[in-house]
Amino acid sequence: MKTKHFRLPEFSLRFVHVWRRNLLVWRKLAIPSILGNLADPMIYMLGLGYGLGAMLPDVGGMSYVAFLAAGIVCSSTMMSASYETMYSGFSRMHVQKTWDGIMNAPLTLDDVLLGEVVWAASKSFLSGMAVLLVALALGLTNSALVLWIIPLVFLAGLVFSGMGLIMTALSPSYDFFMYYFTLAVTPMMLISGVFFPVEQLPPAIQAVTLALPLTHAVALARPLMSGTLPHDIILHLAVLTAYAAAGFYLALVMTRRRLLK
Amino acid sequence: MTPLPHLNVSKLRKSYDGHEVVSGIDFELRRGECFGLLGPNGAGKTTTLRLCLGLTDPDSGTITMFGLPVPQNAREARVRIGVVPQNDNLDPDFTVRENLLVYGRYFGLATSEVERRIPALLEFAGLHTRGGSKILELSGGMKRRLTLARALINDPDLIFLDEPTSGLDPQARHLIWERLRNLMNQGKTLFLTTHFMDEAERLCHRLAIMDRGRIVACGAPRELIARHIEPQVIEVYGEDAERWAQEYGMRASERCEKTGETFFCYTHDADPIVHHLDARPNLRYLHRPANLEDVFLKLTGRELRD
């Protein structure tokens with residue numbers, strides 16, 4: 001690793017064309033993509049929410065399905081951002097050499113990665129929004145505060161996109177991403193308050209969850225969806241912003257090291 | 001005053017993990033010429049190209065493109081260049097036309113402007129009936145031509161071509177060469193890397209032969225042949241070639257070298273050798289004028305490079 005890899009990012013507005021490129025691909029596959037993105041979270045939300053929820057009393061002062069809806073908005077954003085930056089990102093970086101082609105034009109790797117992170121955040125934003133719309137349609141939320149979910153989901157998308165791009169920069173092949181999913185994404189989804197309140201966990205694990213970005217996204221999303229102001233807004237936003245910024249920067253450093261040898 | 005060269009490279013060095021890949025090279029590209037960089041695999045051609053594009057930083061030395069320092073102002077310089085990479089990186093998700101559209105936007109061109117340029121480029125690439133085709137439906141030659149058209153979307157002054165005809169059949173290669181000559185006639189400057197000698201001899205005004213990170217010779221193809229090689233070559237092969245070379249060939253020629261099972265006899269006067277061979281029907285031979293490949297093999301050696 002050389003010092004030049006650590007220099008601060010220098011962006012140009014041309015990153016927008018990277019975003020537009022990905023949009024054009026997505027538009028060709030939009031319907032199956034949306035349905036695919038929606039199916040998995042819906043199965044969790046409706047299956048667990050109504051099935052398991054029927055046997056449960058109120059959780060955190062609301063029906064279990066409403067409790068779960070807020071968590072699933074965040075986790076589906078996480079999933080979508082991770083898949084996009086890892087599997088699709090790796091295709092563009094390593095298999096199709098799309099990034100190499102772009103860097104022969106007047107764009108730099110910094111622009112490419114910014115375009116990719118904003119793109120993946122946009123795509124995962126749609127996933128989060130799709131779940132939110134279903135929750136609204138089912139009457140699981142009806143507060144005006146829910147509008148704050150919109151920027152929150154985008155921020156969460158940036159967080160998990162940046163983290164995904166770190167994995168992509170390190171990855172020798174597609175198989176590598178399985179480690180990240182089984183060792184990071186799935187455990188995080190289980191202990192960050194998506195399926196049950198973090199308070200149910202032993203204190204030691206609760207402390208761990210405080211370091212995980214998904215915990216902070218859920219901690220903001222759930223009260224907003226149930227119509228109450230979240231506690232510690234600044235803290236949660238600070239953690240998410242720090243993850244987004246540090247994740248992106250680290251991804252950039254690692255990708256520079258990989259591609260700009 | 002002579003016009004500023006499009007690209008000037010001076011005392012360029014680059015090493016990876018203590019192994020020097022580019023060891024102090026100098027060259028320049030004059031406006032409107034086709035300059036070739038030749039070398040065996042691993043000679044440092046692709047690294048040189050990446051350095052010139054500003055994709056990697058040199059350890060020392062300077063690169064100036066259109067008067068701009070590279071890599072510092074590489075982004076600005078790249079506005080005026082086109083690149084045909086060694087391996088096609090066309091977008092498989094897009095049609096032929098979309099590939100050009102998306103690529104043109106990277107240069108900051110408006111969609112309408114790119115769309116205005118596309119028909120002429122498709123015509124140039126012989127793909128005017130394939131605008132709506134998927135990349136997977138194209139042959140290797142078509143993909144190369146599309147990659148070339150894509151490199152022209154910003155109407156560049158300087159075009160980098162990294163082994164542009166590798167993997168193509170002879171028909172497809174001739175078509176690419178014809179298009180490249182067409183570009184030269186339009187006044188474009190070309191920077192070509194290749195290990196095909198016929199390609200270099202055909203296209204390049206000047207070329208540099210690179211080996212182990214150094215430029216070992218530089219000049220016009222004819223001039224390099226005249227400077228480094230005897231004008232006549234007789235290639236001798238067949239079962240008895242070895243014995244013939246030992247007994248006669250090595251003595252009768254000025255230089256005699258072996259590659260594989262063929263003996264190459266270099267000389268100024270081929271007649272005596274040809275007469276000698278004509279009397280020996282069990283030996284097969286080819287008498288020809290010296291070419292760039294002879295220069296290349298003499299300067300870079302005959303052993304295999306991997």
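How many bridges join strand 11 of chain B to strand 13 of chain B? Select residues 232–237 and 262–267 of chain B: five bridges join these two strands, which run antiparallel. Before going on, some ground rules: this is a predicted model, where local features need pLDDT of at least 70 and side-chain atom pairs count only at pLDDT 80 or more, while totals for chains, interfaces and linings use all residues. Residues are numbered from 1 along each chain as its sequence is written, chains are lettered from A and ligands numbered from 1 in the order in which they are written, and side-chain values use heavy atoms, leaving out hydrogens and water.

Helices (H or I, at least four residues) and strands (E, at least two) are DSSP runs, numbered from the N terminus, and two strands pair if DSSP finds at least two bridges between them.

**Around strand 11**

Click B:Val233, and you'll find its bridge partner in strand 13 is B:Tyr266.

**The six-stranded sheet**

Staying in chain B, pick out the open sheet of six strands in the order 6-7-8-3-9-10, with mixed pairing. Its edge strands are strand 6 (81–84) and strand 10 (214–219) of chain B, each pairing on one side only. From one strand to the next, the twist averages 15° (axes are lines fitted to C-alpha atoms, for helices over the stretch in contact, and angles run from 0 to 180 degrees between N-to-C directions).

Next, select strand 3 (residues 34–38) and strand 8 (residues 189–194) of chain B, a parallel pair over five bridges. In strand 8 of chain B, B:Phe191 is the bridge partner of B:Phe35. Then show helix 5 (residues 140–151) of chain B, which packs on the sheet and touches strand 6 and strand 7 (158–162) of chain B; contact means heavy atoms within 4.5 Å. The direction of helix 5 makes about 165° with that of strand 6 of chain B.

**Over to chain A**

Is A:Ser91 buried or exposed? Zoom in on helix 3 (residues 64–95) of chain A, where A:Ser91 sits: A:Ser91 is buried, because its relative accessible area is 16% (buried means under 20%, exposed over 50%, partly exposed in between, with a 1.4 Å probe and protein chains only). Not counting residues up to four places away in sequence, A:Ser91 touches A:Gln96, A:Lys97 and A:Tyr174.

Last stop: select A:Ile234 in helix 10 (residues 233–259) of chain A. A:Ile234 counts as exposed because its relative accessibility is 69%.
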